[in-house]
Amino acid sequence: MIYVISTYTGKTPARHLTSPLRFEKSSDKVKITNDLFDQLREEGLIDDNTRFKPNTPIDSVRQQFYYWTGEWYCEQQNYQLSKDYGLKALPLYKGASIAKSDCLNLLGVVCVRMGDFASGITYTKQCLDITRKSGNDKLIAATYSTLAGTYIAANDPEAAIKYTLEGLTYADKVEDTTYKGILMGMASEAYNKTGNHAKALEYAEEGYKVDSIGGRKKRMAIRLSQKANALIGLERYAEAAANFRQAIPILKEVGNFHSLAIDYNQLGFALLKMKRNSEAINYFREADRLLDEMGDIYNQLHSKRGLYESYWAVNQDSAYAAMTDFNRLKDSLYSQASADALARYKVEFDTDRLQEEMEHHKSRNIVWISVGVVSLLFIIAVLIFHSWREIQYRKEMQSLVAKIYEYQQQNRVEETSEVTDLERRVIEAVNEGMPSGKFSVADIALRLNMGEQTFRRRFVDATGKLPKAFITSIQMSKAVTLLKDCPDMPIAEVARECGFDELSALSRTFKKSFGCSPTEYRAKLG
(Lines give C-alpha, C1' and ligand atoms only; values in the text may rest on other atoms or scores of the structure.)
Protein backbone atom coordinates (compact mmCIF):
# COMPACT_ATOMS: atom_id res chain seq x y z
CA MET A 1 0.00 0.00 0.00
CA ILE A 2 1.01 3.64 -0.36
CA TYR A 3 0.03 6.15 2.29
CA VAL A 4 -0.91 9.56 0.91
CA ILE A 5 -1.30 13.08 2.26
CA SER A 6 -4.63 14.33 0.97
CA THR A 7 -8.20 15.17 1.90
CA TYR A 8 -11.26 13.26 0.69
CA THR A 9 -14.23 15.23 1.94
CA GLY A 10 -17.08 14.12 -0.29
CA LYS A 11 -18.22 17.78 -0.39
CA THR A 12 -19.64 19.38 -3.50
CA PRO A 13 -16.74 21.35 -4.99
CA ALA A 14 -16.94 25.03 -5.84
CA ARG A 15 -18.56 25.79 -9.19
CA HIS A 16 -15.39 26.97 -10.93
CA LEU A 17 -13.77 23.62 -10.08
CA THR A 18 -16.52 21.54 -11.62
CA SER A 19 -17.54 23.44 -14.76
CA PRO A 20 -14.95 23.39 -17.55
CA LEU A 21 -17.79 24.42 -19.88
CA ARG A 22 -18.29 27.63 -17.86
CA PHE A 23 -14.55 28.31 -18.01
CA GLU A 24 -14.40 27.78 -21.79
CA LYS A 25 -17.48 29.90 -22.47
CA SER A 26 -16.44 32.73 -20.17
CA SER A 27 -15.13 35.92 -21.71
CA ASP A 28 -13.08 36.54 -18.56
CA LYS A 29 -11.02 33.39 -18.05
CA VAL A 30 -8.41 35.38 -16.14
CA LYS A 31 -10.94 36.27 -13.41
CA ILE A 32 -12.13 32.64 -13.09
CA THR A 33 -8.52 31.44 -12.81
CA ASN A 34 -7.66 34.12 -10.23
CA ASP A 35 -10.76 33.06 -8.26
CA LEU A 36 -9.40 29.52 -8.37
CA PHE A 37 -6.05 30.70 -6.97
CA ASP A 38 -7.89 32.52 -4.16
CA GLN A 39 -9.74 29.36 -3.20
CA LEU A 40 -6.57 27.26 -3.31
CA ARG A 41 -4.88 29.76 -0.99
CA GLU A 42 -7.84 29.58 1.41
CA GLU A 43 -7.55 25.80 1.49
CA GLY A 44 -3.76 25.91 1.96
CA LEU A 45 -2.92 24.20 -1.32
CA ILE A 46 -0.78 27.13 -2.47
CA ASP A 47 0.87 29.81 -0.37
CA ASP A 48 2.06 32.41 -2.89
CA ASN A 49 0.20 35.40 -4.31
CA THR A 50 -0.03 34.20 -7.91
CA ARG A 51 -2.43 36.25 -10.02
CA PHE A 52 -2.84 36.69 -13.75
CA LYS A 53 -2.98 40.09 -15.44
CA PRO A 54 -5.76 40.78 -17.98
CA ASN A 55 -3.32 40.61 -20.91
CA THR A 56 -1.90 37.16 -19.98
CA PRO A 57 -1.77 34.82 -23.04
CA ILE A 58 -4.87 32.63 -23.07
CA ASP A 59 -2.92 29.36 -23.36
CA SER A 60 -1.05 30.19 -20.15
CA VAL A 61 -4.34 30.88 -18.38
CA ARG A 62 -5.84 27.59 -19.62
CA GLN A 63 -2.71 25.70 -18.67
CA GLN A 64 -2.73 26.93 -15.07
CA PHE A 65 -6.50 26.62 -14.65
CA TYR A 66 -6.44 22.99 -15.77
CA TYR A 67 -3.28 22.08 -13.85
CA TRP A 68 -4.38 23.56 -10.51
CA THR A 69 -7.88 22.19 -10.87
CA GLY A 70 -6.22 18.78 -11.35
CA GLU A 71 -4.14 19.34 -8.20
CA TRP A 72 -7.28 20.28 -6.26
CA TYR A 73 -9.10 17.14 -7.35
CA CYS A 74 -6.05 15.07 -6.43
CA GLU A 75 -6.26 16.54 -2.93
CA GLN A 76 -9.94 15.55 -2.86
CA GLN A 77 -8.87 12.07 -4.04
CA ASN A 78 -11.13 12.29 -7.08
CA TYR A 79 -8.42 10.80 -9.25
CA GLN A 80 -10.37 10.46 -12.49
CA LEU A 81 -11.19 14.18 -12.62
CA SER A 82 -7.64 15.01 -11.53
CA LYS A 83 -6.29 12.96 -14.42
CA ASP A 84 -8.77 14.52 -16.88
CA TYR A 85 -7.63 18.04 -16.00
CA GLY A 86 -3.95 17.06 -15.96
CA LEU A 87 -4.29 15.70 -19.50
CA LYS A 88 -5.97 18.95 -20.59
CA ALA A 89 -3.05 20.94 -19.17
CA LEU A 90 -0.16 18.81 -20.46
CA PRO A 91 -0.30 19.75 -24.20
CA LEU A 92 -0.25 23.43 -23.25
CA TYR A 93 3.30 23.24 -21.83
CA LYS A 94 6.05 24.17 -24.28
CA GLY A 95 9.45 22.56 -23.94
CA ALA A 96 10.94 20.74 -20.97
CA SER A 97 10.09 23.19 -18.19
CA ILE A 98 9.87 22.69 -14.44
CA ALA A 99 6.18 23.61 -14.67
CA LYS A 100 5.68 20.75 -17.13
CA SER A 101 7.45 18.38 -14.74
CA ASP A 102 4.89 19.34 -12.05
CA CYS A 103 2.06 18.36 -14.38
CA LEU A 104 3.79 15.07 -15.30
CA ASN A 105 4.32 14.34 -11.61
CA LEU A 106 0.62 14.95 -10.93
CA LEU A 107 -0.36 12.54 -13.72
CA GLY A 108 2.11 9.97 -12.41
CA VAL A 109 0.59 10.15 -8.93
CA VAL A 110 -3.05 9.91 -10.01
CA CYS A 111 -2.40 7.04 -12.44
CA VAL A 112 -0.83 5.04 -9.62
CA ARG A 113 -3.77 5.83 -7.33
CA MET A 114 -6.07 4.49 -10.09
CA GLY A 115 -4.02 1.29 -10.43
CA ASP A 116 -2.57 2.21 -13.85
CA PHE A 117 1.07 1.60 -12.91
CA ALA A 118 2.47 1.51 -16.43
CA SER A 119 1.10 4.97 -17.26
CA GLY A 120 2.20 6.23 -13.84
CA ILE A 121 5.77 5.15 -14.54
CA THR A 122 5.66 6.68 -18.04
CA TYR A 123 4.69 10.11 -16.71
CA THR A 124 7.08 9.96 -13.75
CA LYS A 125 9.98 8.95 -16.00
CA GLN A 126 9.33 11.98 -18.20
CA CYS A 127 9.19 14.13 -15.06
CA LEU A 128 12.49 12.69 -13.80
CA ASP A 129 14.17 13.38 -17.15
CA ILE A 130 13.25 17.06 -16.79
CA THR A 131 14.16 17.46 -13.12
CA ARG A 132 17.54 15.72 -13.56
CA LYS A 133 18.46 18.19 -16.30
CA SER A 134 17.30 21.11 -14.15
CA GLY A 135 19.80 20.32 -11.40
CA ASN A 136 17.15 21.22 -8.77
CA ASP A 137 17.93 18.70 -6.03
CA LYS A 138 14.67 19.31 -4.17
CA LEU A 139 12.57 18.56 -7.25
CA ILE A 140 14.68 15.50 -8.04
CA ALA A 141 14.06 14.19 -4.51
CA ALA A 142 10.31 14.77 -4.96
CA THR A 143 10.27 12.89 -8.27
CA TYR A 144 12.19 9.96 -6.83
CA SER A 145 9.58 9.86 -4.07
CA THR A 146 6.78 9.51 -6.65
CA LEU A 147 8.76 6.90 -8.56
CA ALA A 148 9.46 4.86 -5.43
CA GLY A 149 5.78 4.97 -4.51
CA THR A 150 4.85 3.72 -7.97
CA TYR A 151 7.10 0.69 -7.66
CA ILE A 152 5.80 -0.04 -4.16
CA ALA A 153 2.26 -0.09 -5.56
CA ALA A 154 3.45 -2.23 -8.48
CA ASN A 155 4.86 -4.74 -5.97
CA ASP A 156 8.50 -4.26 -6.97
CA PRO A 157 10.05 -3.29 -3.61
CA GLU A 158 13.66 -3.80 -4.71
CA ALA A 159 13.29 -1.12 -7.37
CA ALA A 160 11.44 1.07 -4.85
CA ILE A 161 14.32 0.79 -2.35
CA LYS A 162 16.82 1.76 -5.06
CA TYR A 163 14.93 4.91 -6.01
CA THR A 164 14.10 5.78 -2.37
CA LEU A 165 17.75 5.70 -1.31
CA GLU A 166 18.68 7.70 -4.41
CA GLY A 167 16.05 10.28 -3.46
CA LEU A 168 17.34 10.51 0.10
CA THR A 169 20.79 11.55 -1.16
CA TYR A 170 19.20 14.52 -2.94
CA ALA A 171 17.00 15.41 0.07
CA ASP A 172 20.09 15.41 2.29
CA LYS A 173 21.93 17.70 -0.14
CA VAL A 174 19.37 20.45 0.34
CA GLU A 175 18.53 19.51 3.96
CA ASP A 176 14.87 19.14 3.01
CA THR A 177 13.22 17.45 6.01
CA THR A 178 9.80 17.28 4.31
CA TYR A 179 10.93 14.97 1.53
CA LYS A 180 13.36 13.24 3.85
CA GLY A 181 10.42 12.17 6.01
CA ILE A 182 8.42 11.07 2.96
CA LEU A 183 11.30 9.07 1.52
CA MET A 184 11.97 7.40 4.87
CA GLY A 185 8.33 6.38 4.93
CA MET A 186 8.70 4.99 1.40
CA ALA A 187 11.82 3.09 2.48
CA SER A 188 9.88 1.63 5.40
CA GLU A 189 7.13 0.36 3.11
CA ALA A 190 9.59 -1.03 0.57
CA TYR A 191 11.72 -2.84 3.16
CA ASN A 192 8.55 -4.21 4.72
CA LYS A 193 7.62 -5.76 1.37
CA THR A 194 11.04 -7.42 1.07
CA GLY A 195 10.58 -9.03 4.49
CA ASN A 196 13.20 -6.89 6.22
CA HIS A 197 10.74 -5.75 8.89
CA ALA A 198 13.39 -4.62 11.36
CA LYS A 199 14.82 -2.23 8.76
CA ALA A 200 11.28 -1.09 7.93
CA LEU A 201 10.61 -0.31 11.60
CA GLU A 202 13.89 1.60 11.83
CA TYR A 203 13.01 3.86 8.85
CA ALA A 204 9.44 4.41 10.09
CA GLU A 205 10.62 5.46 13.55
CA GLU A 206 13.27 7.77 12.09
CA GLY A 207 10.71 9.26 9.70
CA TYR A 208 8.34 9.84 12.62
CA LYS A 209 11.08 11.74 14.47
CA VAL A 210 11.82 13.91 11.41
CA ASP A 211 8.15 14.78 10.93
CA SER A 212 7.61 15.36 14.66
CA ILE A 213 10.41 17.94 14.70
CA GLY A 214 8.80 19.63 11.71
CA GLY A 215 5.38 19.54 13.39
CA ARG A 216 3.82 17.79 10.39
CA LYS A 217 0.80 16.18 12.05
CA LYS A 218 -0.61 14.54 8.91
CA ARG A 219 2.68 12.86 8.11
CA MET A 220 3.21 11.79 11.71
CA ALA A 221 0.00 9.76 11.44
CA ILE A 222 1.30 8.07 8.32
CA ARG A 223 4.63 7.22 9.95
CA LEU A 224 2.68 5.64 12.84
CA SER A 225 0.83 3.54 10.25
CA GLN A 226 4.09 2.47 8.60
CA LYS A 227 5.53 1.64 12.00
CA ALA A 228 2.46 -0.52 12.69
CA ASN A 229 2.93 -2.40 9.41
CA ALA A 230 6.53 -3.18 10.30
CA LEU A 231 5.37 -4.46 13.69
CA ILE A 232 2.89 -6.77 11.92
CA GLY A 233 5.82 -8.19 9.96
CA LEU A 234 7.65 -8.76 13.25
CA GLU A 235 4.51 -10.54 14.56
CA ARG A 236 4.04 -7.94 17.30
CA TYR A 237 0.32 -7.68 16.52
CA ALA A 238 -0.89 -6.03 19.72
CA GLU A 239 1.70 -3.24 19.35
CA ALA A 240 0.74 -2.84 15.70
CA ALA A 241 -2.96 -2.52 16.58
CA ALA A 242 -2.09 0.10 19.19
CA ASN A 243 -0.19 2.17 16.62
CA PHE A 244 -3.05 1.92 14.12
CA ARG A 245 -5.51 3.05 16.78
CA GLN A 246 -3.24 6.01 17.54
CA ALA A 247 -3.05 6.96 13.85
CA ILE A 248 -6.73 6.46 12.90
CA PRO A 249 -8.26 9.39 14.86
CA ILE A 250 -5.57 11.74 13.49
CA LEU A 251 -6.31 10.62 9.93
CA LYS A 252 -10.02 11.25 10.53
CA GLU A 253 -9.30 14.64 12.06
CA VAL A 254 -7.19 15.83 9.12
CA GLY A 255 -9.58 14.28 6.58
CA ASN A 256 -7.10 11.82 5.07
CA PHE A 257 -9.68 9.15 4.32
CA HIS A 258 -7.53 7.33 1.79
CA SER A 259 -4.82 6.50 4.29
CA LEU A 260 -7.58 5.85 6.82
CA ALA A 261 -8.99 3.15 4.52
CA ILE A 262 -5.54 1.58 4.20
CA ASP A 263 -5.18 1.56 7.99
CA TYR A 264 -8.58 -0.11 8.33
CA ASN A 265 -7.30 -2.85 6.02
CA GLN A 266 -4.06 -3.34 7.91
CA LEU A 267 -5.72 -3.23 11.33
CA GLY A 268 -8.14 -5.85 10.04
CA PHE A 269 -5.26 -8.16 9.14
CA ALA A 270 -3.65 -7.61 12.56
CA LEU A 271 -6.96 -8.55 14.21
CA LEU A 272 -7.17 -11.67 12.05
CA LYS A 273 -3.79 -12.75 13.38
CA MET A 274 -5.22 -12.33 16.89
CA LYS A 275 -8.26 -14.52 15.91
CA ARG A 276 -10.66 -11.57 16.23
CA ASN A 277 -12.49 -12.24 12.93
CA SER A 278 -15.79 -10.52 13.68
CA GLU A 279 -14.04 -7.30 14.68
CA ALA A 280 -11.82 -7.50 11.58
CA ILE A 281 -14.87 -7.77 9.27
CA ASN A 282 -16.07 -4.32 10.35
CA TYR A 283 -12.75 -2.70 9.44
CA PHE A 284 -12.52 -4.48 6.07
CA ARG A 285 -16.10 -3.48 5.21
CA GLU A 286 -15.42 0.17 5.97
CA ALA A 287 -12.16 0.08 4.00
CA ASP A 288 -13.94 -1.56 1.05
CA ARG A 289 -16.62 1.15 1.07
CA LEU A 290 -14.16 4.03 1.19
CA LEU A 291 -11.85 2.59 -1.46
CA ASP A 292 -14.76 1.80 -3.76
CA GLU A 293 -15.88 5.45 -3.55
CA MET A 294 -12.37 6.56 -4.45
CA GLY A 295 -11.94 4.06 -7.27
CA ASP A 296 -8.72 2.67 -5.74
CA ILE A 297 -8.96 -0.95 -6.90
CA TYR A 298 -5.39 -1.74 -5.85
CA ASN A 299 -6.06 -1.26 -2.14
CA GLN A 300 -9.66 -2.45 -2.48
CA LEU A 301 -8.18 -5.79 -3.54
CA HIS A 302 -6.75 -6.10 -0.01
CA SER A 303 -10.18 -5.32 1.48
CA LYS A 304 -11.77 -8.13 -0.56
CA ARG A 305 -9.08 -10.58 0.49
CA GLY A 306 -9.47 -9.54 4.13
CA LEU A 307 -13.26 -10.02 3.95
CA TYR A 308 -12.80 -13.46 2.40
CA GLU A 309 -10.37 -14.56 5.11
CA SER A 310 -12.48 -13.03 7.90
CA TYR A 311 -15.77 -14.53 6.71
CA TRP A 312 -14.35 -18.01 6.17
CA ALA A 313 -14.88 -19.02 9.78
CA VAL A 314 -18.09 -16.98 10.16
CA ASN A 315 -20.26 -17.17 7.00
CA GLN A 316 -19.13 -19.22 4.00
CA ASP A 317 -21.70 -17.70 1.60
CA SER A 318 -20.24 -14.28 2.36
CA ALA A 319 -16.73 -15.70 2.01
CA TYR A 320 -17.59 -17.08 -1.45
CA ALA A 321 -18.95 -13.69 -2.62
CA ALA A 322 -15.87 -11.87 -1.30
CA MET A 323 -13.59 -14.39 -3.06
CA THR A 324 -15.46 -13.83 -6.35
CA ASP A 325 -15.04 -10.06 -6.02
CA PHE A 326 -11.38 -10.52 -5.15
CA ASN A 327 -10.69 -12.61 -8.26
CA ARG A 328 -12.53 -10.15 -10.50
CA LEU A 329 -10.50 -7.21 -9.20
CA LYS A 330 -7.24 -9.15 -9.36
CA ASP A 331 -7.79 -10.06 -13.01
CA SER A 332 -8.56 -6.43 -13.80
CA LEU A 333 -5.54 -5.00 -12.00
CA TYR A 334 -2.79 -7.51 -12.64
CA SER A 335 -3.23 -8.30 -16.32
CA GLN A 336 -0.22 -9.67 -18.12
CA ALA A 337 -0.19 -6.49 -20.19
CA SER A 338 0.49 -4.38 -17.11
CA ALA A 339 3.18 -6.79 -15.92
CA ASP A 340 4.98 -6.66 -19.28
CA ALA A 341 4.74 -2.88 -19.40
CA LEU A 342 6.20 -2.55 -15.90
CA ALA A 343 9.08 -4.84 -16.82
CA ARG A 344 9.76 -2.72 -19.89
CA TYR A 345 9.79 0.52 -17.95
CA LYS A 346 12.01 -0.93 -15.27
CA VAL A 347 14.50 -1.85 -18.00
CA GLU A 348 14.26 1.73 -19.31
CA PHE A 349 15.02 3.24 -15.88
CA ASP A 350 17.96 0.91 -15.33
CA THR A 351 19.20 1.77 -18.80
CA ASP A 352 19.03 5.50 -18.03
CA ARG A 353 21.14 5.07 -14.91
CA LEU A 354 23.68 2.85 -16.67
CA GLN A 355 23.86 5.26 -19.59
CA GLU A 356 24.85 8.07 -17.22
CA GLU A 357 27.63 5.92 -15.76
CA MET A 358 28.92 4.93 -19.20
CA GLU A 359 28.70 8.28 -20.95
CA HIS A 360 32.42 8.13 -21.84
CA HIS A 361 32.29 4.57 -23.19
CA LYS A 362 30.44 5.14 -26.45
CA SER A 363 32.16 2.22 -28.10
CA ARG A 364 29.67 -0.03 -26.27
CA ASN A 365 26.61 1.49 -27.98
CA ILE A 366 25.68 -1.96 -29.21
CA VAL A 367 24.42 -2.68 -25.69
CA TRP A 368 21.88 0.13 -25.92
CA ILE A 369 20.82 -0.92 -29.39
CA SER A 370 20.05 -4.37 -27.99
CA VAL A 371 18.13 -2.91 -25.08
CA GLY A 372 16.18 -0.72 -27.49
CA VAL A 373 15.24 -3.74 -29.59
CA VAL A 374 14.12 -5.65 -26.49
CA SER A 375 12.09 -2.66 -25.30
CA LEU A 376 10.46 -2.34 -28.71
CA LEU A 377 9.49 -6.02 -28.61
CA PHE A 378 7.97 -5.46 -25.17
CA ILE A 379 5.91 -2.56 -26.53
CA ILE A 380 4.64 -4.66 -29.42
CA ALA A 381 3.78 -7.57 -27.10
CA VAL A 382 1.91 -5.26 -24.71
CA LEU A 383 -0.11 -3.69 -27.51
CA ILE A 384 -1.00 -7.06 -29.01
CA PHE A 385 -2.04 -8.53 -25.67
CA HIS A 386 -4.07 -5.46 -24.73
CA SER A 387 -5.87 -5.54 -28.06
CA TRP A 388 -6.54 -9.25 -27.68
CA ARG A 389 -8.07 -8.76 -24.22
CA GLU A 390 -10.33 -5.98 -25.51
CA ILE A 391 -11.44 -8.10 -28.48
CA GLN A 392 -12.19 -11.08 -26.25
CA TYR A 393 -14.28 -8.99 -23.86
CA ARG A 394 -16.15 -7.40 -26.76
CA LYS A 395 -16.89 -10.78 -28.35
CA GLU A 396 -18.20 -12.21 -25.09
CA MET A 397 -20.33 -9.17 -24.33
CA GLN A 398 -21.76 -8.96 -27.87
CA SER A 399 -22.62 -12.67 -27.80
CA LEU A 400 -24.43 -12.23 -24.49
CA VAL A 401 -26.23 -9.08 -25.68
CA ALA A 402 -27.33 -10.87 -28.87
CA LYS A 403 -28.77 -13.76 -26.85
CA ILE A 404 -30.70 -11.42 -24.54
CA TYR A 405 -31.84 -9.25 -27.46
CA GLU A 406 -33.16 -12.30 -29.32
CA TYR A 407 -34.99 -13.51 -26.20
CA GLN A 408 -36.57 -10.10 -25.63
CA GLN A 409 -37.65 -9.82 -29.29
CA GLN A 410 -39.61 -13.05 -28.83
CA ASN A 411 -41.69 -11.13 -26.26
CA ARG A 412 -40.96 -13.93 -23.79
CA VAL A 413 -43.53 -16.18 -25.53
CA GLU A 414 -41.34 -18.72 -27.24
CA GLU A 415 -39.09 -20.94 -25.20
CA THR A 416 -35.41 -21.00 -26.07
CA SER A 417 -32.78 -23.35 -24.75
CA GLU A 418 -30.24 -20.52 -25.03
CA VAL A 419 -31.59 -18.76 -21.92
CA THR A 420 -31.85 -20.61 -18.61
CA ASP A 421 -34.77 -20.19 -16.23
CA LEU A 422 -32.62 -18.23 -13.76
CA GLU A 423 -31.39 -15.94 -16.56
CA ARG A 424 -35.01 -15.33 -17.65
CA ARG A 425 -35.97 -14.31 -14.15
CA VAL A 426 -32.98 -11.96 -13.89
CA ILE A 427 -33.72 -10.38 -17.31
CA GLU A 428 -37.30 -9.67 -16.23
CA ALA A 429 -36.24 -8.33 -12.83
CA VAL A 430 -33.62 -6.00 -14.34
CA ASN A 431 -36.03 -4.64 -16.98
CA GLU A 432 -38.63 -4.00 -14.29
CA GLY A 433 -36.08 -2.34 -12.02
CA MET A 434 -34.34 -0.08 -14.57
CA PRO A 435 -36.95 2.74 -14.54
CA SER A 436 -36.58 3.15 -10.79
CA GLY A 437 -32.83 2.47 -10.73
CA LYS A 438 -33.32 -0.60 -8.53
CA PHE A 439 -31.51 -3.27 -10.48
CA SER A 440 -28.26 -3.80 -8.58
CA VAL A 441 -27.20 -7.32 -7.61
CA ALA A 442 -28.69 -6.76 -4.16
CA ASP A 443 -31.97 -5.48 -5.68
CA ILE A 444 -32.27 -8.50 -8.01
CA ALA A 445 -31.52 -10.94 -5.20
CA LEU A 446 -34.32 -9.34 -3.15
CA ARG A 447 -36.78 -9.64 -6.06
CA LEU A 448 -35.90 -13.33 -6.38
CA ASN A 449 -36.35 -13.87 -2.63
CA MET A 450 -32.69 -14.79 -2.06
CA GLY A 451 -29.89 -13.41 0.04
CA GLU A 452 -27.33 -11.50 -2.02
CA GLN A 453 -24.52 -13.98 -1.42
CA THR A 454 -26.80 -16.97 -2.13
CA PHE A 455 -27.95 -15.33 -5.39
CA ARG A 456 -24.37 -14.66 -6.48
CA ARG A 457 -23.32 -18.24 -5.78
CA ARG A 458 -26.30 -19.79 -7.53
CA PHE A 459 -25.99 -17.52 -10.56
CA VAL A 460 -22.29 -18.22 -11.05
CA ASP A 461 -22.85 -21.96 -10.55
CA ALA A 462 -25.76 -22.01 -13.05
CA THR A 463 -24.37 -19.75 -15.77
CA GLY A 464 -20.63 -19.39 -15.27
CA LYS A 465 -21.11 -15.61 -15.38
CA LEU A 466 -20.87 -12.87 -12.79
CA PRO A 467 -24.26 -11.26 -12.02
CA LYS A 468 -22.91 -7.73 -12.56
CA ALA A 469 -21.66 -8.55 -16.08
CA PHE A 470 -25.01 -10.15 -16.95
CA ILE A 471 -26.91 -7.07 -15.70
CA THR A 472 -24.66 -4.86 -17.86
CA SER A 473 -25.44 -7.00 -20.92
CA ILE A 474 -29.18 -6.51 -20.27
CA GLN A 475 -28.65 -2.73 -20.16
CA MET A 476 -26.71 -2.91 -23.43
CA SER A 477 -29.45 -5.00 -25.03
CA LYS A 478 -32.02 -2.37 -24.13
CA ALA A 479 -29.74 0.38 -25.43
CA VAL A 480 -29.42 -1.43 -28.77
CA THR A 481 -33.21 -1.82 -28.96
CA LEU A 482 -33.84 1.88 -28.29
CA LEU A 483 -31.17 3.00 -30.75
CA LYS A 484 -32.73 0.82 -33.45
CA ASP A 485 -36.42 1.37 -32.73
CA CYS A 486 -36.38 5.01 -31.58
CA PRO A 487 -34.03 6.89 -33.96
CA ASP A 488 -35.19 10.30 -32.72
CA MET A 489 -34.71 9.59 -29.01
CA PRO A 490 -31.83 11.69 -27.59
CA ILE A 491 -28.87 9.62 -26.43
CA ALA A 492 -29.19 11.17 -22.96
CA GLU A 493 -32.73 9.79 -22.78
CA VAL A 494 -31.48 6.37 -23.92
CA ALA A 495 -28.99 6.50 -21.04
CA ARG A 496 -31.74 7.24 -18.51
CA GLU A 497 -34.00 4.51 -19.91
CA CYS A 498 -31.15 2.01 -19.55
CA GLY A 499 -30.49 2.92 -15.91
CA PHE A 500 -27.42 5.16 -16.35
CA ASP A 501 -27.30 8.34 -14.27
CA GLU A 502 -25.01 10.07 -16.77
CA LEU A 503 -24.60 9.98 -20.53
CA SER A 504 -20.85 9.48 -20.12
CA ALA A 505 -21.44 6.24 -18.18
CA LEU A 506 -23.53 4.81 -21.03
CA SER A 507 -20.95 5.93 -23.60
CA ARG A 508 -18.06 4.24 -21.76
CA THR A 509 -19.92 0.96 -21.27
CA PHE A 510 -21.32 0.94 -24.82
CA LYS A 511 -17.94 1.65 -26.40
CA LYS A 512 -16.29 -1.06 -24.34
CA SER A 513 -18.96 -3.53 -25.48
CA PHE A 514 -19.31 -2.55 -29.16
CA GLY A 515 -16.19 -0.60 -30.05
CA CYS A 516 -18.09 2.59 -30.86
CA SER A 517 -20.21 5.23 -29.14
CA PRO A 518 -24.05 5.06 -29.13
CA THR A 519 -24.12 7.95 -31.61
CA GLU A 520 -21.75 6.16 -33.98
CA TYR A 521 -23.75 2.94 -33.63
CA ARG A 522 -26.99 4.72 -34.55
CA ALA A 523 -25.28 6.38 -37.54
CA LYS A 524 -24.22 2.95 -38.84
CA LEU A 525 -27.86 1.85 -38.77
CA GLY A 526 -28.58 4.50 -41.40
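Me: Why are helix H6 (residues 98-113) and helix H8 (residues 137-153) called roughly parallel?
Reply: Their axes make an angle of about 20° and lie 10 Å apart. Angles under 35 degrees count as roughly parallel, so H6 and H8 get that label. The axes are lines fitted to C-alpha atoms over the stretch in contact, with angles from 0 to 180 degrees between N-to-C directions. Please keep in mind that this is a predicted model, where local features need pLDDT of at least 70 and side-chain atom pairs count only at pLDDT 80 or more, while totals for chains, interfaces and linings use all residues. Residues are numbered from 1 along each chain as its sequence is written, and side-chain values use heavy atoms, leaving out hydrogens and water.

Me: Which residues of H6 and H8 meet?
Reply: Ile 98, Asn 105, Val 109 and Val 112 in H6 meet Leu 139, Thr 143, Thr 146, Thr 150 and Ala 153 in H8, where contact means heavy atoms within 4.5 Å.

Me: What makes Tyr 144 and Tyr 170 a stacked pair?
Reply: Their centres are 5.9 Å apart, with 20° between the planes. Rings pair if their centres lie within 6.5 Å, and planes under 30 degrees apart count as stacked, over 60 as edge-to-face and the rest as tilted. Tyr 144 sits in helix H8 and Tyr 170 in helix H9 (residues 157-173), 26 residues apart.

Me: And why is the pair of Phe 514 and Tyr 521 called tilted?
Reply: The centres are 5.7 Å apart and the planes stand at 55°, so the pair is tilted.

Me: How do you know whether Tyr 521 is buried or exposed?
Reply: Tyr 521 has 16% relative accessibility, so Tyr 521 counts as buried (under 20% relative accessible area; exposed is over 50%, partly exposed in between, with a 1.4 Å probe and protein chains only).

How values were computed:
Helix = DSSP H or I, 4+ residues; strand = E, 2+ residues; numbered from the N terminus. Parallel < 35°, antiparallel > 145°, perpendicular 65-115°, else oblique. Phe/Tyr/Trp six-rings, centres within 6.5 Å; stacked < 30°, edge-to-face > 60°.
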